[in-house]
Amino acid sequence: MQFRTLLALVMLASTASHAGAQSVLDEIEASIGGRATELERVEALLSNPDPKRRTAAMEAILKTGDPAFVRKAKEVGLFSADPQLRQIAVKAIFDAGGAFRLDIDAPSKDSTDTNALLNRFGGSRSPDGSGSAQFVLTGDYNVENRCWTDRRGNCSIRQTGDVIHLADWDYTSASFRLDDSGVLQGTVLYDRRGTAVGARIPLFE
């Protein structure tokens, strides 16, 4: 009799535990479904056929501060065919600050001095001759100089329409435009010497 009672209690506890787990899973599924629907609404707002409404939606979504909404808005903007959304997305990415990577193609005989450039900014070179250097933006925007600053407060990146320039990189001139893969593609020239080489700044990886 005691064994039967114990068995019944164990089965009851197991059933209750299973029901509790199912309840938690139900809540998770409902939460995921609701969140997915919200993100779909974000995409829909940013795909509005009216360019003014698209721009207004982009600006409003970025101001929400919701990490998932902001991330989705940046992603949609980067890959949008709308130049205005693309510019806003790039600006939002630089406004957020963080570490970025400048990739440089392997030089040819008459190329600019990529070794000096990489050494100057603590970069490294790959076996194939290409190189990369990291730079960090604080997220602070200098209104007077119209640029985003580095940790020393110096101008690092400047946006002019859909063109991005390296600013105050010690004799380095470079300009980039966003391509269809979320990468800023352009060229870089060091100390006005040689021929500019291809370079890129990935914004979406």
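Quick housekeeping. This is a predicted model, so local features need pLDDT of at least 70 and side-chain atom pairs count only at pLDDT 80 or more, while totals for chains, interfaces and linings use all residues. Residues are numbered from 1 along each chain as its sequence is written, and side-chain values use heavy atoms, with hydrogens and water left out.

Okay, the overall picture. The protein has five helices and 10 strands. Of the 205 residues, 35% are buried. Buried here means under 20% relative accessible area, exposed means over 50%, and partly exposed is what falls in between, using a 1.4 Å probe and protein chains only. The accessible surface comes to about 12500 Å², and carbon and sulfur atoms own 53% of that. Those areas are from the Shrake-Rupley method with a 1.4 Å probe, and for residues only the protein chains shown count as cover. As for contacts, meaning heavy atoms within 4.5 Å, take the pairs at least 6 apart in sequence: 45% of them join residues at least 24 apart.

Now the inside. The largest nonpolar core has 38 residues, and the ones touching the most other members are Phe 94, Leu 102, Phe 176, Ile 201 and Leu 203. The largest share of this core, six residues, comes from α4. A nonpolar core, by the way, is a set of buried Ala, Val, Leu, Ile, Met, Phe, Trp, Tyr and Cys residues joined through side-chain atoms within 4.5 Å. Click on Leu 203 if you want to see it: not counting residues up to four places away in sequence, Leu 203 touches a list of residues including Leu 78, Val 90, Phe 94, Phe 100, Leu 178 and Val 183.

Next, the cysteines. How many disulfides does a search of the whole structure find? One, and the rule is a pair of cysteine sulfur atoms within 2.5 Å. The pair is Cys 147 and Cys 155, with S to S at 1.9 Å. The link is left-handed, with -55° about the S-S bond. Both Cys 147 and Cys 155 are buried.

Back to charges. Side chains of opposite charge can pair when their charged atoms come close. The rule I'm using for a salt bridge is a side-chain nitrogen of Lys or Arg within 4 Å of a carboxyl oxygen of Asp or Glu, and that gives 12 of them. In our opening trio, Glu 75 meets Lys 72 at 3.9 Å, N to O. Both sit in helix α3, three residues apart, about one turn of the helix. Is Lys 72 buried or exposed? Lys 72 counts as buried because its relative accessible area is 17%, whereas Glu 75 is partly exposed at 29%.

Over in helix α4, Lys 91 and Asp 95 are four residues apart, again about one turn, and their side chains meet at 2.8 Å, N to O. Lys 91 is partly exposed at 38%, and Asp 95 is partly exposed at 30%. Then there's Asp 103 with Arg 101, a salt bridge at 2.8 Å, N to O. Here Asp 103 is buried at 13%, while Arg 101 is partly exposed at 30%.

Two loops to look at. Ser 80 sits between α3 (67-78) and α4 (83-96), and Ser 80 is buried, with a relative accessible area of 13%. Leaving aside neighbours within four places in sequence, Ser 80 is in contact with Leu 85 and Arg 86.

The other loop runs between β7 (163-166) and β8 (172-178), and Asp 168 lies in it. Phi of Asp 168 is near 55°, a positive value in a residue other than glycine. Asp 170 is found in that loop too, with a positive phi near 50°. Asp 168 is exposed at 57%, but Asp 170 counts as partly exposed at 30%.
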